[in-house]
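This briefing is for a reader new to the structure below.

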Amino acid sequence: MHEKCGVVGISTTDRDVARPLYYSLYALQHRGQESAGIVTHDGFQQYEHVEMGLVGDVFDEDDLDSLNGSNGIGHVRYPTSGSVNNCCAQPFSVSFKSGSLGLAHNGNLINTDEIREELAGLGHAFTSDGDTEVIAHDLARNLLEEDLVRAVKRTMSRIHGSYSLTITHDETVLGVRDPQGNRPLCIGELDDGYVLASESAAIDTLDGELVRDVRPGELVVLHDDGTGFDTYQLVETENTANCFFEHVYFARPDSVIDDELVYEVRRDLGRALWEESGIETDVVMPVPDSGRAFASGYADAAPEGVEFAEGLMKNRYVGRTFIMPTQDERERAVRLKLNPIKSTVEGKTVTVIDDSIVRGTTSSQLVELLYEAGAEEVHVRIGAPPIIAPCYMGIDMASREELIAADRSVEEIREEIRADSLSYLSIEAIAESLGKSDSDLCLGCVTGEYPYDIEGEETDREVQRPAVGHSSADD
Ligand code: SF4
């Protein structure tokens, strides 16, 4: 599974923002490794540098020196909509009659094609097949007729799907979160300004203080002089649809989302996993690094005598398995990536804990590795429910055909990965640990019912994509 993107926006009193943006993008690198970019504005002119690659490779000293201005946005991307090439790297920037725009988008729109088709019919020319350019064009068009707030509101009334955006309109930096709050976005305060970021870990990196999450449906406009921000609740919805996988897998454990430290939420989920399906084995071990917090909570709740230990060592210098294009290469990559610590495993009964099973490749390889290292029994516990359906909100997690749980029971999956036992965490436990009703969460990939109107899929609430047609902000 890959997170789609990370976004950031910063306004300071008079310090150039290129470096703070660069450090923030480093802090958000786990949210996208395909491309990185920064757009800044100095009050006269917009500057940009966007390239394919990791943050550390995309920018050098000269690039950062050339990005002038105390207001700007940044983006890291793993491609989820649009092709894997530099035409879809972000921020997306465009100049038009009433100024210049830069857009950084985390999420995925459901009705991109309808809006693109309508705008193309009105004479807009598109350079990419991505949804961010569609938002940029729609906003640019609305800005010809409306002020900034009303233009954003009008665009929000037309786009349907998941979006956390940071935007520059000339030297003004804004942040917008979709009405369901599917992806995170938070506000932080710096000594000399304000920051908007996908995760609070980026604010920590800048020695800033987390102020709060941007509310679903809210527009936040940072003051150009870094002295504060204005907020506008542009859309109200009865229920949110926060992606629960942000808490389970995507976000950094040291980030705070909805006032909860992600690491503590994961430990809670681990405790709940013990309550629901704990089994007394000699050793409990995480799949590094993603299973660590779950395993620590699980071991914490287990009776004395169940030892928490590191039984698998990760080779940090191997690329992420999922960028390997074929199944065969993916299987070999698991072997390269993880190696059992024999003394922890040999002659022992073992529980191994991970956050999810997607295709099942890694899990069956792991079970095999542990048996080869001398484990007597291998039990697998997963800190999320089975993934049975794809994600349309921008998480790259494989198609139904590739998902091991799409058409298999838990017992059939256990047989396939050859574990002695296998249990997943329930949806109820997830909702309880997050302190939310399940009707305020997106659970599409584990229920097959989505909080957005997606063609050919079931919805879990009354929701309809907006009719396309150039409406006014008051509609
Ligand atoms: S479908 Fe799953 S991964 Fe996608 S947004 Fe919903 S909960 Fe998150």
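Five strands form an open sheet in the order 18-17-21-22-23, and their pairing is parallel. The model is predicted.

- Strand 18 (307-308) and strand 23 (421-424) are the edge strands, and each of them pairs on one side only.
- Four bridges join strand 17 (residues 283-286) to strand 21 (residues 349-354) in the parallel sense.
- V283 has V350 in strand 21 as its bridge partner.
- Strands of a sheet pair through hydrogen bonds of the backbone, in either a parallel or an antiparallel way.

**A helix on the sheet**
- Helix 13 (residues 361-372) packs on the sheet and touches strand 17, strand 21 and strand 22 (377-382).
- The direction of helix 13 makes about 150° with that of strand 22.

**Helix 9 and helix 10**
- Helix 9 (residues 262-277) packs with helix 10 (residues 292-301) at an angle of about 50°, and their axes are 6 Å apart.
- The two helices are therefore oblique to each other.
- Their crossing is right-handed.
- On helix 9, the contact is made by Y263, R266, R267, L269, G270, R271, L273, W274, E275 and S277.
- On helix 10, the contact residues are A293, F294, S296, G297, Y298, D300 and A301.
- By type, the residues in the contact of helix 9 with helix 10 are eight nonpolar, four polar and five charged.

Notes: Residues are numbered from 1 along each chain as its sequence is written. This is a predicted model: local features need pLDDT of at least 70, side-chain atom pairs count only at pLDDT 80 or more; totals for chains, interfaces and linings use all residues. Side-chain values use heavy atoms; hydrogens and water are left out. Two strands pair if DSSP finds at least two bridges between them. Contact means heavy atoms within 4.5 Å. Axes are lines fitted to C-alpha atoms, for helices over the stretch in contact, and angles run from 0 to 180 degrees between N-to-C directions. Angles under 35 degrees count as roughly parallel, over 145 as roughly antiparallel, 65 to 115 as roughly perpendicular and the rest as oblique. A crossing is left-handed if the near helix is turned anticlockwise from the far one by less than a right angle, and right-handed if clockwise. Ala, Val, Leu, Ile, Met, Phe, Trp, Tyr, Cys and Pro count as nonpolar, Asp, Glu, Lys and Arg as charged, and the others, Gly among them, as polar.
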